[in-house]
Each structure stands twice: as structure tokens, then as C-alpha cells.
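Subject: Structure handover

Hello,

Please find the structure below, followed by notes on what was found in it.

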There are 2 protein chains.
Amino acid sequence: MTGISKEVLSEEQFDQLLRFFQVFSNESRLKIIGHLANGEKNVGELAGLLRVKEPTVSHHLAEMKAIGLVNVRAEGTMRIYRLNSRALEAMSKDIFAHSNLAALVKTSELSEDEKVLRTWVKDGRIIDLPAQEKKKQVIIHWLADRIPHDRRWTEREFSEWLTQFNEDYATLRRYLVDSGYMTREKGIYWRTLKA
Amino acid sequence: MTGISKEVLSEEQFDQLLRFFQVFSNESRLKIIGHLANGEKNVGELAGLLRVKEPTVSHHLAEMKAIGLVNVRAEGTMRIYRLNSRALEAMSKDIFAHSNLAALVKTSELSEDEKVLRTWVKDGRIIDLPAQEKKKQVIIHWLADRIPHDRRWTEREFSEWLTQFNEDYATLRRYLVDSGYMTREKGIYWRTLKA
DNA sequence: GCGTTATTTCGATACATTTCTAATTAGTAT
DNA sequence: ATACTAATTAGAAATGTATCGAAATAACGC
């Protein structure tokens, strides 16, 4: 249990991402995309260009069509496939640049914090508070993440709850309040919002 | 049409692109990336998170390490893996940069023959004839494709027409006849059928 | 209708990848 | 040394995927 991990992708997004990569991870399909980008083609033409049989091409095209990467149009007995370049662009932009990979990369920078946590937290207990303010904040943030947002505590309840992390509940409580994670009014404590 | 494209991904680049997608197209590896994005982990932790055995994780991590996607660090008897977010970012940027996507599009139309053509034909002119018979045939075939089927020429007319491809019309003409693409009878030339 | 052409579907096969177990290596501690 | 833990390697089994030939389908022209 590492602490600050956050779910970056929903299950749905994850599956979509996976399907996207799977379509692009095959040589034939990648080549088909290339050829179609130069203009629409029918199955036979593609088969000739790739030097594989029609059923193979047909099969790949069906997969690509399933995720909206290509469109078909019938002309006589032929089926003419066209790259949906808008979809392609949208997929690459959306999936890569923005939502997902960017998010992954961003959160991976948190590993500096992880290091601090590894040092000062063991088995869910805070061994000691670092003297260095920046590191101290990392620990306090980690602790704050564990406080339910929907609960109100008396000072006594909160202190007792804090002892599961460290005997020195008074210091923890003080830092939590000072850092703005907890608020006290009339002897009642509650978790406040702060990124 | 021309079959001779200009800016193109090299074969190596194409393969690299393929390998990149392949790394991301596996459920376990994608999950590993996700978990590592939340902080470094050792093999056992990842195995637990993915509910697969250690050797499996170890195997995937080795692949990912091979392309520089993760780094390792030993700590006691454990190996702690860490996502190389800079590499990840560089990869995604590189691959989806507009230029490369456009280039990908052209790469695939590079058949073996087209490679030969790229070397020996520039701007519609035949620079020189390759010595190697197989390559020579590719060039001659390309040239033959440009000869109208419904026309009959005197030797003089045909020679003159050939000079648009190369000054040495005599050599071109001879190869065309020898290879069976052109027939001559009583001083008249015409294009003959041949696959 | 019949024959022809382009494509798809089906089923089989070959090939590649993922995953496992068992054995081995490496690091630590007793 | 010996025992213990974590990870890797090797090799086999299981699973997945790409490709093909044969048969079915669809559109067309006669």
C-alpha cells in the first residue's frame, strides 16, 4: 500500500486505450493505415500492396472498422475503404497528449514524495516527522488523505484516531490544522478541502 | 501514382514504431505503467497488484527496460522499478508529432521495388540503369508501365519519346524489346502484353 | 436464370506471446 | 556455512493472433 496513489484512468478508459494500442501494434494494420492515408482503396488493392490474401485484409479492416478507424462504401461489387483521419487524429491526440499519458507522466513525478514516505512511514505508521519543512508537508499530506471528509470529531476522538499513526497525536493535530487540512470550531474538528 | 515518395519513415523507424505500440498493447504492461506512474515499485508488489506471478512481471519489466521505459535500482534483495517518465514523454511526443504521423502514412508504400525506384529514378527520369539484373527489371517494368498500349511507333518516334526518361534511348529500347514489353516488326514498335 | 468478380465468413493451421512451475542466482542475516 | 527472501532464468503449457484455403454471399452483366 503505497499511499498517494490515485486512480488515473477509469476501467473504461483503460480498455479503450488497450484496444487502441492493439490495433496499431500489428504490422499489416499499420501498413493499411499508411496506404489508406494516401487515398481510399478496396480490399483487393490492399491485398496486393501488402502481399497477403484478401481474407486477411478483410479481417484486419473489420477490426479497424469496429473502432471507427475506417469507413466503407460499396461500389459495384467492391468495397472501398477510407481512413477516418479525423478519428485517427482524435484518437492520438486524446489518448496520448491529453487525458491519459500526460496524466500518467504527471503523476509519476510524485515519486520524489514516495521516497520521503518510504523513509518516514513504515507499515502505516509515521515513524517520526522530518525536520525539513518540505518533507514534513509530504507526510502531513499523506496523513490528511486518510482522514474521512464526512466526519466530525471531538478533540478527544480525533486525537485517539491519530494515535494509530503516531503516539504524538498533539503534534500531528497541530500540523494538520496549521496546514489547513483540518478546521476546528467550538471544539469540533473536521476535514477541510485543500488539494 | 508515381510510387516514388519523398519524405518517408525508414524501415527502422517503422519497426521502432511497431515495437513501441507492441509494448503498450498488452494488458499487464499497460497496468504496470499505470502502477509505476503512481510511484516506484518492486517486482513482488507489482505481481500482487496485477495478480500474476513474479516471473511474469519480471519478464514484462525486462522488455520495458530494454526500450528504456523503466529503470531499476537494487535495494537489498529487491529490485525497485521506476517509470522513466521523460522517456515516455519523449516517445509519445515523437510518435505523434504531426510530421511523423504523416511520414508513417507514406512509409508503408515502400515495397522492395519502390526502394529500387527511389534510388534509380528521380523526377520521372531514369538516372542510370542498375547493373544487377533484378533491379534492372524493376526499372524496365516501371518504364513499360508508362508506354501506352494503343499506340504504334516508328523507331524514330519511339526513340525520341524514350529520351524523356534517359538520353541513352538505344539501351532502354533494347531492354524493353528483350524483356518482351515491346515488339518490333518491319520497323514498327508496339507495346505488348506481359504481366 | 447463369456465370463472373470482389468480398466476407468459416474453420484449420501455424506462429507468437503470455503465463506458469521449477530451478537458479543474488543478497542478508543467523 | 546455512537458511531465508526476492528476483531472474529456462522451459513447458496455455492462450492468443495472423494467415490462409475453401465455401458462402452479394452485386453485376448477360
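In chain A, 47% of the contacts between residues at least 6 apart in sequence join residues at least 24 apart; two residues are in contact if their C-beta atoms, placed from the backbone, lie within 7 Å.

This is a predicted model, in which local features need pLDDT of at least 70, side-chain atom pairs count only at pLDDT 80 or more, and totals for chains, interfaces and linings use all residues. Residues are numbered from 1 along each chain as its sequence is written, while chains are lettered from A and ligands numbered from 1 in the order in which they are written.

Chain A has 10 helices and 8 strands. Helices (H or I, at least four residues) and strands (E, at least two) are DSSP runs, numbered from the N terminus. Of the 195 residues in chain A, 23% are buried, that is, 20 or more other C-beta atoms, placed from the backbone, lie within 10 Å of their own.

Three strands of chain A form an open antiparallel sheet in the order 1-3-2; two strands pair if DSSP finds at least two bridges between them. Strand 1 (41–42) and strand 2 (70–75) are the edge strands, each pairing on one side only. Strand 2 and strand 3 of chain A are joined by 6 bridges. Helix 2 (residues 27–37) of chain A packs on the sheet and touches strand 1, strand 2 and strand 3; its direction makes about 90° with that of strand 3. Axes are lines fitted to C-alpha atoms, for helices over the stretch in contact, and angles run from 0 to 180 degrees between N-to-C directions.

Now the DNA. A residue is near a strand if its C-beta atom, placed from the backbone, lies within 6 Å of it.

- DNA strand C: of the 21 residues around it, Asn42(A), Gly44(A), Pro55(A), Ser58(A) and Asn26(B) come nearest. Helix 4 of chain A gives the largest share of this surface, 6 residues. The surface near DNA strand C divides into 7 nonpolar, 11 polar and 3 charged residues.
- DNA strand D: 21 residues surround it, and the closest are Val52(A), Asn42(B), Gly44(B), Pro55(B) and Ser58(B). Two or more residues each come from helix 4 of chain A and from helix 3 (43–50), helix 4 and strand 3 (78–83) of chain B. Helix 4 of chain B gives the most, with 6 residues.

Regards

Key: Nonpolar A, V, L, I, M, F, W, Y, C, P; charged D, E, K, R; others polar. Buried ≥ 20, exposed ≤ 12 C-beta atoms within 10 Å, placed from the backbone.
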